[in-house]
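Here is a short report on a helix pair and a chain contact. Please read it beside the model.

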2 protein chains.
Amino acid sequence: MGIEDAISRLKPMFRDRLSLRAADLTAHGQSETHFAETPPDAVVWPVSTDEVAALVTICNEELCPIIGWGAGTSLEGHALAVRGGIVVNFAQMAQVIEINAEDMSVRVQPGITREALNEELRATGLFFPVDPGANATVGGMAMTRASGTTAVRYGTMRDNVRALEVVLADGRVTRTGTQARKSSAGYDLTGLMVGSEGTLALVTELTLQLHGQPAAVSAAVCAFETMDAAVQAVVETIGSGVPMARIEFVDPATVAAVNTASGFSFPSQPHLLVEFHGSETAVSEEAELFKSIAEDNGATGFDWATKSEDRNRLWAMRHKAYWSILASRPGATAIVTDVCVPLSRLAEAVSATQADIADSPITGPILGHVGDGNFHAILLIDPANADERRAAKDLANRMADRALSLGGTVTGEHGVGMGKLDHMAREHGAGWDVMGQIKRAMDPNNILNPGKVVRQN
Amino acid sequence: MGIEDAISRLKPMFRDRLSLRAADLTAHGQSETHFAETPPDAVVWPVSTDEVAALVTICNEELCPIIGWGAGTSLEGHALAVRGGIVVNFAQMAQVIEINAEDMSVRVQPGITREALNEELRATGLFFPVDPGANATVGGMAMTRASGTTAVRYGTMRDNVRALEVVLADGRVTRTGTQARKSSAGYDLTGLMVGSEGTLALVTELTLQLHGQPAAVSAAVCAFETMDAAVQAVVETIGSGVPMARIEFVDPATVAAVNTASGFSFPSQPHLLVEFHGSETAVSEEAELFKSIAEDNGATGFDWATKSEDRNRLWAMRHKAYWSILASRPGATAIVTDVCVPLSRLAEAVSATQADIADSPITGPILGHVGDGNFHAILLIDPANADERRAAKDLANRMADRALSLGGTVTGEHGVGMGKLDHMAREHGAGWDVMGQIKRAMDPNNILNPGKVVRQN
């Protein structure tokens, strides 16, 4: 019994789709941020639900950890094999199974990326809106309850996963939810799976909610004197009922990094980037309303774009922000924070964070999905410098504590993984024990992504 | 140990807020539909979370069942004390705790009704949109994952409960979710609680998502030649991205009942009733688009209303439907079905249901929230007539089987209670076992609303 025995039993089944090669193990032992390399014992590429079920059955019998892998773009070390075991790479389960245009839904395998999915949907007039930035797989996005720039309008993965097919820890296959738009038939297992980070089941199929491609899209960027004024404009806009498609904040440090990296010349001020989706009439009405709210809060330098290429130019600032910030300090790695607070406390949270960062030896530009109250500080550190790492961790911990004291959460969209485990008891109290009870009930042998989400024994 | 001992220990704590009077027990042993009267052993009216926690602690020690009670308007016998025990009536925990206009949220106690809540919100420009028809409590609505006429636009209770305070089965109090708009911090316990019908915890506080009162509202009713044409108009309207606030279907039998009860003279045809919420411009644009889609599908007899009193007149048909149908057969009781199917299968499901009803000895007008694919047949039976009861049950079972075969659910919004237990294994497969695992993990003594939702031992 054990990992070696599991691998021996799986080899004849997966043949060249099971790898023990160092290069594969290394590639699946890395994350996009600051965690140490943690190679698994093997990598498997299944092609069907039956194969996943067989794999899980064997690993459960052999007590071998199983870690799902999508595109490897998660930021909290979710897919690292911290107790060894087998990484299950879903790259060969990446098909669109069925598009249901009338139902505005699509059934897909977990390994398809959001960009590939939208490419397949292009001709249907529908699209899948959740956009976390990275070209993640929809399976991975479901498991971290991802969201991103469009959540203010279209919701998060919680809102856009209608149903799942999953393989339970004992290898049984079941469906959660239905193809209907709603149900009251017992506990919401789909909702329980979304955000469970592969600790309760492996997802082998998703039914996703689609949305109509908007007839018109308009985008704008504008600058504010202060961060408070920008946030006030956000609060008033959301409160006015304007269905913003995106409403993003970047601070002066982010603007500076993007200007340097891409030759832009945005003024060194807080900016909002916004986007409107709808009919021609609605979009133009909403854009006018936003402009008037923003100007009442001192916004200047409005730059509008309705044509696709102009919008792409405007949004380049936001989309390039993370890489521009990384590039601003060659050799640096990032600790990316992810707090989310009530809108009413957002200005306070961002201001206090900026003051903390200014008082520290760390550079940390801030940007965020402010319509949701979610913002990130990109804390740049020299990975070899223990003092900087400690200072960044201190900053991140202070942000997390502040978010909790303001009624918010330590992670708006990145998930728990390894990076947020230490905050879970404080965020959830007895609720974290409940999560542990659920985990033990559903995965008594603790084979599904052990070391993540719940209290570790 | 047992129910009597629990009551003895609770009496000194609750005094005159614990009742053993026959009238109180009878009043809390009834449901709005066809279930037999099932009085509990006692009724308690707590006034605080601390009292609920003390009550649950004692009942857990004494193995005494606890059943939450809101307004008693559920339709599947959710609140019946089928194993005896204590009904917890939340009528004295019905306060608005805090309105957060900037965050568009409100913290309330569970016993407040949705109408009382909206009365308190009137001056804020915000409202709570979920409307299941009955003036239910928000606690009860959360526990059944209620929805109703506005879900097509504003979502169900799943979408509108942001956070909870709950008392767990061992008496511990915990919070689920936060005051922020989103979170990725572990399992979605809020979502797990919503729809759990009081079997996992008792809710003592809810944070609800609010929405802006629309600047303009417009409503219309129109008639179609066939049900297929009406459904086709719904599918096309939803597909076009028009954010309908309500889109309701009534069949000719429902129209006839309302005409008789209220002196209306709507033609004996399938009708759609719709409502639009938004800015003046948006509402008028959307209404025009709907009219053109409806007319392309043969709609006639458009009656529009933008003024509040005219809208109320139009919507009287829908709001009076259930009682008009009941009144059409004096002395009858109703078995109300609640299937929900993918929109693409809705016409097929309704047609087959109408044919089934026509072939039976039962009268069963049909109406529904067709934007969600959810419809109800109101099966009228003489409660003393065993043949009619059997025939109605057969019809209901056929509808449930058909919904499952079409990819839908046996209950779109009413919940499982006692009435849908027999369908759960077929709807969920191994997922129902998972629900049982969760129930046993969170309530090992099975004191929280035993006999509901999960497999019964």
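This is a predicted model: local features need pLDDT of at least 70, side-chain atom pairs count only at pLDDT 80 or more; totals for chains, interfaces and linings use all residues.

Residues are numbered from 1 along each chain as its sequence is written, and chains are lettered from A and ligands numbered from 1 in the order in which they are written.

**Helix pair**

Helix 9 (residues 227-239) of chain A packs on helix 14 (residues 346-358) of chain A at about 155°, with axes 9 Å apart. That makes the two helices roughly antiparallel (an angle over 145 degrees). Helices are DSSP runs of H or I, at least four residues. Axes are lines fitted to C-alpha atoms over the stretch in contact, and angles run from 0 to 180 degrees between N-to-C directions.

| Helix of chain A | Residues in the contact |
|---|---|
| Helix 9 | Met227(A), Asp228(A), Val231(A) |
| Helix 14 | Leu346(A), Ala347(A), Val350(A), Ser351(A) |

Contact requires C-beta atoms, placed from the backbone, within 7 Å. By class, the contact of helix 9 with helix 14 has five nonpolar, one polar and one charged residues.

**Chain contact**

Chain A and chain B each give 74 residues to their contact. Helix 17 of chain A gives the most to the side that touches chain B, with nine residues. That side of chain A divides into 25 nonpolar, 33 polar and 16 charged residues.

Of the contact residues of chain A, 100% recur in chain B.

Conventions
Angles under 35 degrees count as roughly parallel, over 145 as roughly antiparallel, 65 to 115 as roughly perpendicular and the rest as oblique. Two residues are in contact if their C-beta atoms, placed from the backbone, lie within 7 Å. Ala, Val, Leu, Ile, Met, Phe, Trp, Tyr, Cys and Pro count as nonpolar, Asp, Glu, Lys and Arg as charged, and the others, Gly among them, as polar.
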